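Student: Could you walk me through this chain, step by step? I am new to it.

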Amino acid sequence: MNLIKTNIHKRKYRDGSIAWVVRWKSPETGIWKSIVAGRTKNEAVIIEAQVRENLLRGEDPLPKPERPGGLKVSEVIAWFLDCSRFNGADPRWRKEAENKCKRDIMRGL
C-alpha cells in the first residue's frame with residue numbers, strides 16, 4: 001500500500017494577501033499537486049482532511065469541470081480574470097491582459 005503524503009503551507013502573494021495551500025503526492029504519477037485551501041490554517045486543515053479522504057478512496061482530489069462537454073471561451077476568460085495569480089500580478093499588466101481578452105478574443109467569437 002502506498003503512503004498518502006500531504007502537507008499544508010502558507011503562501012504570501014505580492015499584494016500582501018495570504019493563502020494556505022494543500023499539497024499531495026499523486027499515488028499514480030508520484031507528482032506533487034496542490035490546491036488553494038483558504039485564508040486560514042484551520043480552513044486548510046479541513047481541506048487537507050478532505051484531500052486525504054479522497055485519496056484513500058482512490059479519487060482525484062482536484063475539482064472537476066462542471067460541464068462534461070468542456071468550457072466555453074467566455075467561462076475560461078472569467079476563470080482567468082478571477083484567478084489569484086492574475087489578481088496578484090502588476091496592475092498595469094492586468095489591465096492590458098483584460099483589455100486583450102475583451103478586445104481580441106471576445107470580439108472574434
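Tutor: Helices (H or I, at least four residues) and strands (E, at least two) are DSSP runs, numbered from the N terminus, and two strands pair if DSSP finds at least two bridges between them. This is a predicted model, where local features need pLDDT of at least 70, side-chain atom pairs count only at pLDDT 80 or more, and totals for chains, interfaces and linings use all residues. Residues are numbered from 1 along each chain as its sequence is written, and side-chain values use heavy atoms, with hydrogens and water left out.

Student: In what order do the elements run from the N terminus on?

Tutor: The chain holds 4 helices and 3 strands. Starting at the N terminus, the order is β-β-β-α-α-α-α.

Student: Which residue in the turn between β1 and β2 has a positive phi?

Tutor: Strands β1 (residues 6-12) and β2 (residues 18-25) run antiparallel, joined by 7 bridges. Arg 11 faces Ala 19 in β2. The hairpin leaves 5 residues between the two strands, and the residue with a positive phi, about 95 degrees, is Gly 16.

Student: And in the hairpin of β2 and β3, which residue takes a positive phi?

Tutor: β2 is also joined to β3 (residues 32-38), antiparallel, by 6 bridges. Trp 20 has Gly 38 in β3 as its bridge partner. With 6 residues between these strands, the positive phi, near 80 degrees, belongs to Gly 30.

Student: What percentage of the residues count as buried?

Tutor: Buried means under 20% relative accessible area, with a 1.4 Å probe and protein chains only. The chain has 109 residues, and the share that counts as buried is 21%.

Technical notes: Buried means under 20% relative accessible area, exposed over 50%, partly exposed in between (1.4 Å probe, protein chains only).
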